[in-house]
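Here is a short briefing for a first look at a protein model. Read it with the structure open beside you.

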Amino acid sequence: MADITTQDSTLIFEFMFVDGDTRTQKLKNPKSNITEQQITELNAYIQANNLVIGDKGGATFGKIAKVTKRDEVVTKLDIN
Amino acid sequence: MATSLSIKGKTQANDGVTSTINYVNPNATDAQLVSLATAFNNLTTNTVSDITRIDKNSLINTVEKLSRNVQLFAMDQTTPITEIKASAIGDFENAAFVFVRYNSDDYANDILSCLVPGGTDQNNVFIQIARGESTDNGAWILLTNNVTPTSAFTLTFAIAETSTYQAATFTIPVTL
């Protein structure tokens with residue numbers, strides 16, 4: 001058997017609330033060509049419609065503070 | 001209380017994928033949730049047309065409340081107080097002023113009480129607590145009594161729980 005290689009891609013959002021707390025949100029299988037404009041529009045949409053709230057006393061959503069795309073390549077070695 | 005949103009779809013490899021969006025406002029309309037799910041899903045390689053299900057799940061059942069930080073200061077709001085002299089609690093002219101500093105989300109409406117062991121009377125001392133103007137970081141407290149105490153006792157200040165902060169009590173000895 002040959003080595004098996006898999007790739008796991010995750011998009012990690014850092015939500016920041018008005019009390020300064022941050023929470024992370026992860027999405028699997030992000031596109032490779034995500035643009036800053038798309039993130040900006042998503043941030044604006046969430047703010048305009050109050051769709052995200054914090055878990056500490058319902059803290060008001062501030063902004064998407066950071067977005068990180070993490071690619072992890074895993075190779076399972078054929079040792080037989 | 002926040003809510004989570006689950007999106008089930010398929011990737012280009014045609015395997016099943018579930019994306020979960022946390023901290024969703026439970027008061028959002030279904031139409032808004034669909035739009036939110038679509039907006040997030042458009043950032044993925046999950047096939048949009050294969051969003052098969054959106055579930056509202058209660059994610060957070062308890063609200064973590066912050067703890068209180070309570071301190072007692074003299075009138076200068078700087079000198080910490082570790083005990084109160086009974087002689088300072090006299091009639092109105094000789095009453096004791098203390099400043100209670102504590103963290104809060106609404107100082108003006110925080111419920112602050114002063115408890116005397118055994119009720120309002122302790123060794124024939126009737127302690128009255130008058131709350132002065134609340135400031136950005138605490139409240140003025142005026143302590144008065146009708147009779148000079150004959151033995152030491154302990155005062156307990158209690159601050160009620162709010163939507164953001166836990167309740168708290170702290171005690172201070174009253175010495176002769």
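Two strands count as paired if DSSP finds at least two bridges between them. Strand β6 (residues 96-102) of chain B passes that test, because 6 bridges join this strand to β11(B). Keep in mind that this is a predicted model.

- β6(B) and β11(B) run antiparallel.
- One of the bridges can be found by name: Ala96(B) has Leu143(B) as its bridge partner in β11(B).
- Strand β11 of chain B covers residues 138-144. Of its 7 residues, 7 are buried, so the strand is largely enclosed by the rest of the structure.

**Chain A at a glance**

- Chain A holds 1 helix and 3 strands.
- Along the sequence, their pattern is β-β-α-β.
- Of the 80 residues in chain A, 29% are buried.
- Take the contacts in chain A with a separation of 6 or more: residues 24 or more positions apart account for 64% of them.
- The accessible surface of chain A is about 5000 Å². Carbon and sulfur atoms own 47% of that surface.

**The sheet of chain A**

- The 3 strands of chain A make an open sheet in the order β2-β1-β3. Their pairing is antiparallel.
- β2 (22-28) and β3 of chain A are the edge strands. Each has a single partner strand, so one side of each is left without a neighbour in the sheet.
- On average, neighbouring strands of this sheet are turned by 20 degrees against each other, with direction ignored.
- How many bridges join β1(A) to β3(A)? There are 14 bridges between these antiparallel strands.
- Helix α1(A) lies across β1 and β3 of chain A. The helix runs at about 135 degrees to β3(A).

**Nonpolar cores**

- The largest nonpolar core has 24 residues. Phe13(A), Phe15(A), Ile46(A), Ile64(A) and Phe40(B) have the most contacts inside it.
- Which elements give two or more residues to this core? From chain A they are β1 (4-17), α1 (36-49) and β3 (61-76). From chain B they are β1 (3-10), β2 (16-24) and α1 (30-41).
- A second, separate core has 21 residues. Among them are Leu72(B), Ala86(B), Phe157(B) and Phe170(B).
- Now look around Phe40(B), leaving out residues up to four places away in sequence. Phe40(B) touches Phe13(A), Phe15(A), Leu27(A), Leu42(A), Ile46(A) and Ile21(B).

**Aromatic rings**

- A pair of aromatic rings is described by the distance of the centres and the angle of the planes.
- Over all chains, the structure holds 6 aromatic pairs.
- One of the pairs is Phe13(A) with Phe40(B), and it is edge-to-face. The rings are 5.3 Å apart, centre to centre, with 80 degrees between the planes.
- This pair crosses between chains. Phe13(A) sits in strand β1 of chain A, and Phe40(B) sits in helix α1 of chain B.
- Are Phe13(A) and Phe40(B) buried or exposed? Both are buried.
- Phe15(A) and Phe61(A) also form an edge-to-face pair. Here the values are 5.6 Å centre to centre and 85 degrees between the planes.
- Phe15(A) lies in strand β1 and Phe61(A) in strand β3 of chain A, so their pair ties together parts that are 46 residues apart in sequence.
- Phe15(A) and Phe61(A) are both buried.
- Ring pairs link Phe13(A), Phe15(A), Phe17(A), Phe61(A), Tyr23(B) and Phe40(B) into a cluster.

**Two residues with positive phi**

- Asn50(A) lies in the loop between α1 and β3 of chain A. Its phi is near 50 degrees, a positive value in a residue other than glycine.
- Asn50(A) has 38% relative accessibility and counts as partly exposed.
- Asn50(A) is 11 residues from Phe61(A) in sequence. In space, the two are 7.3 Å apart, C-alpha to C-alpha.
- Tyr23(B) belongs to strand β2 of chain B. Phi of Tyr23(B) is near 65 degrees, again positive in a residue other than glycine.
- Why does Tyr23(B) count as buried? Its relative accessibility is 11%, and buried means under 20%.

How values were computed:
Residues numbered from 1 in each chain as written. Chains lettered and ligands numbered in written order. Predicted model: local features only at pLDDT ≥ 70, side-chain atom pairs only at ≥ 80, totals over all residues. Heavy atoms only, no water. Helix = DSSP H or I, 4+ residues; strand = E, 2+ residues; numbered from the N terminus. Buried < 20%, exposed > 50% of the residue type's maximum accessible area, 1.4 Å probe, protein only. Contact = heavy atoms within 4.5 Å. Areas by Shrake-Rupley, 256 points an atom, 1.4 Å probe, with all protein chains shown as cover. Core = buried A, V, L, I, M, F, W, Y, C linked by side-chain atoms within 4.5 Å. Axes fitted to C-alpha atoms, helices over the stretch in contact; angles between N-to-C directions. Phe/Tyr/Trp six-rings, centres within 6.5 Å; stacked < 30°, edge-to-face > 60°.
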